[in-house]
Amino acid sequence: MAAKRFFNDAESDQDQPNEKRKRPRPSFASVIGEVVLVNSMQSLFSSLEPLLRRVVSEEVDHCLRRCSLRPMTRSPSMRIQALEPSSVQLVFAKKLSLPIFTASKISDEDNNPIQIQIVDKTNNSNGAQIIASDLPNPIKVEIVVLDGDFPTGGRDDWTTEEFESNILRERTGKRPLLTGDVNVTVRDGLTAIGEIEFTDNSSWIRSRKFRLGARVAPGTSAYQGSRIREAITDAFVVKDHRGELYKKHHPPTLEDEVWRLEKIGKEGAFHKKLASENIHTVQDFLKLFVVDRSKLRKILGVGMSEKMWEVTVKHARTCVLGNKMFIYRSAHFALFLNPICQVLKAIVNGQVFPTRDLSNINRTYIENLVREAYANWNSLEMVDAVLNETALLTQVEQYPNHHAGAMSRSAFDQNGHLGLAAADHQ
């Protein structure tokens, strides 16, 4: 029995290799599938590698900046002090001039270079911010671009980490978002930024708005061991430079093309209607408004609603009139007009009628003279409004039919005369 079991076991052992040899071989399709899978995984890893490298690099840079802001040699008490709210802070002296376009210089609301100040709120006893001019050393300041949504809820107690996390960088493949003098040095508590400009618009972020921020440059020593809090501007939109070609001017000038006025688009229907009536500039618009506003309104037509009309006229009224005076004269009268055909003074049969006395003259007579002057505008005598009434009267008496060019240039206070009030009585 034992021999028989041995024989059977031996026979069984001999059969096992045969069973292994009889296992089916992998098909050609399965081999190809495995190769494709391996190649796909390798391609995926290759595409992820640059992304992972960039993320790691950014995190390392972020950690290094944090370490540079908090030196390891600082005592625990100093570290706690740096985290406490600081009374010393950077501020932008004035608001920015808006709108802002790419490739255009950024300036303050007075069109001057942006100024940054360092103020100490502890010295703010009378409500006025005092420039911290007692800083022991010059402070290096970096100008950065922030997300327009920062800080959330209008807070003004953000931390350095929150400020840094909202700094915006350029889009992939683009130039640095802000170029120019982005690094400045504050001496005696203030400095002016040179030329800086945006290279990209703000439409690609969720808020669609940017802010400018100013912070002490990383690695710069703190002020007496305390943090100098960062400055931020109001949020604003940055438009592409090509939009500036269609920008409205505030205030407009007399020489501006008429489409610079609100509600009149360049090459639009209103622009074409005005051009067909030889109204090409803001001055042309205002002259006709003074002389015959109903005609001007009719030219623009029913397509311009009353609300649009009011907006356009209101914008035009802000025009700076300058210091020119135009004289329409004949043997018996001389009419003195400002650049938009409003009467400043009249001399009729040798009698002078200043603005306040024009009501003593027959109204229809004056209106007819104004219309004649408007129709012959290019032949009027233009002078700088510097001469007093006596000098002008002398000139009229000596040269009653004289149509000479402009006299010496000087300032003229247009607010001392009729302005646009005369138009309201036309």
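Predicted model: local features only at pLDDT ≥ 70, side-chain atom pairs only at ≥ 80, totals over all residues.

Guide: Among contacts in the protein chain between residues at least 6 apart in sequence, 65% join residues at least 24 apart. The chain has 426 residues, of which 37% count as buried, and its secondary structure amounts to 9 helices and 16 strands. The accessible surface is about 25,500 Å², with 52% of that area belonging to carbon and sulfur atoms.

Visitor: Why is Thr-102 called buried?

Guide: The relative accessible area of Thr-102 is 7%, and the word buried applies under 20%, so Thr-102 is classed as buried. This residue is found in the loop between β2 and β3. Leaving aside residues up to four places away in sequence, Thr-102 touches Phe-198, Thr-199, Asp-200 and Asn-201, and also Val-238, Lys-239, Asp-240 and His-241.

Visitor: And what makes Ala-103 partly exposed?

Guide: Ala-103 has a relative accessible area of 46%; since exposed requires over 50% and buried requires under 20%, a value in between is called partly exposed. Ala-103 also lies in the loop between β2 and β3 (115-120), and its phi is near 60°, a positive value in a residue other than glycine.

Visitor: How do you know that Lys-263 counts as partly exposed?

Guide: The relative accessibility of Lys-263 is 41%, which falls between the cut-offs of 20% and 50%, and therefore the residue is partly exposed. Lys-263 sits in the loop between β11 (238-239) and α5 (269-276), and its phi, near 70°, is positive although the residue is not glycine.

Visitor: What is the class of Ala-275, buried, partly exposed or exposed?

Guide: Ala-275, which lies in helix α5, has a relative accessible area of 27%, and because buried means under 20% and exposed over 50%, the residue is partly exposed. Ala-275 and Val-258 are 17 residues apart in sequence, while their C-alpha atoms are 8.8 Å apart in space.

Visitor: Which peptide bonds are cis, and what is omega for each?

Guide: The bond from Leu-98 to Pro-99 is cis, with omega near -5°, and Pro-99 is placed in the loop between β1 (88-92) and β2 (100-101). Another cis peptide bond joins Phe-150 and Pro-151, with omega about -5°; Pro-151 is found in the loop between β4 (139-147) and α4 (160-165).

Visitor: Turning to the helices, why are α6 and α8 called roughly antiparallel?

Guide: The axes of α6 (residues 282-300) and α8 (residues 363-375) cross at roughly 150° and come within 10 Å. Angles over 145 degrees count as roughly antiparallel, so the pair α6 and α8 receives that description. The crossing is left-handed. Lys-287, Leu-288 and Val-291 of α6 make the contact with Val-370, Arg-371 and Tyr-374 of α8, and by class these are 4 nonpolar, no polar and 2 charged residues.

Visitor: What makes α5 and α6 oblique to each other?

Guide: Their axes come within 12 Å and cross at roughly 120°. Because roughly perpendicular covers 65 to 115 degrees and roughly antiparallel begins over 145, with the rest beyond roughly parallel counted as oblique, α5 and α6 are oblique to each other. α5 passes α6 in a right-handed crossing. The contact is formed by Phe-270, Lys-273 and Leu-274 of α5 together with Phe-285, Leu-296, Ile-299 and Leu-300 of α6, giving 6 nonpolar, no polar and 1 charged residues.

Terms used: Residues numbered from 1 in each chain as written. Heavy atoms only, no water. Helix = DSSP H or I, 4+ residues; strand = E, 2+ residues; numbered from the N terminus. Buried < 20%, exposed > 50% of the residue type's maximum accessible area, 1.4 Å probe, protein only. Contact = heavy atoms within 4.5 Å. Areas by Shrake-Rupley, 256 points an atom, 1.4 Å probe, with all protein chains shown as cover. Axes fitted to C-alpha atoms, helices over the stretch in contact; angles between N-to-C directions. Parallel < 35°, antiparallel > 145°, perpendicular 65-115°, else oblique. Left-handed = near helix turned anticlockwise from the far one by under 90°. Nonpolar A, V, L, I, M, F, W, Y, C, P; charged D, E, K, R; others polar.
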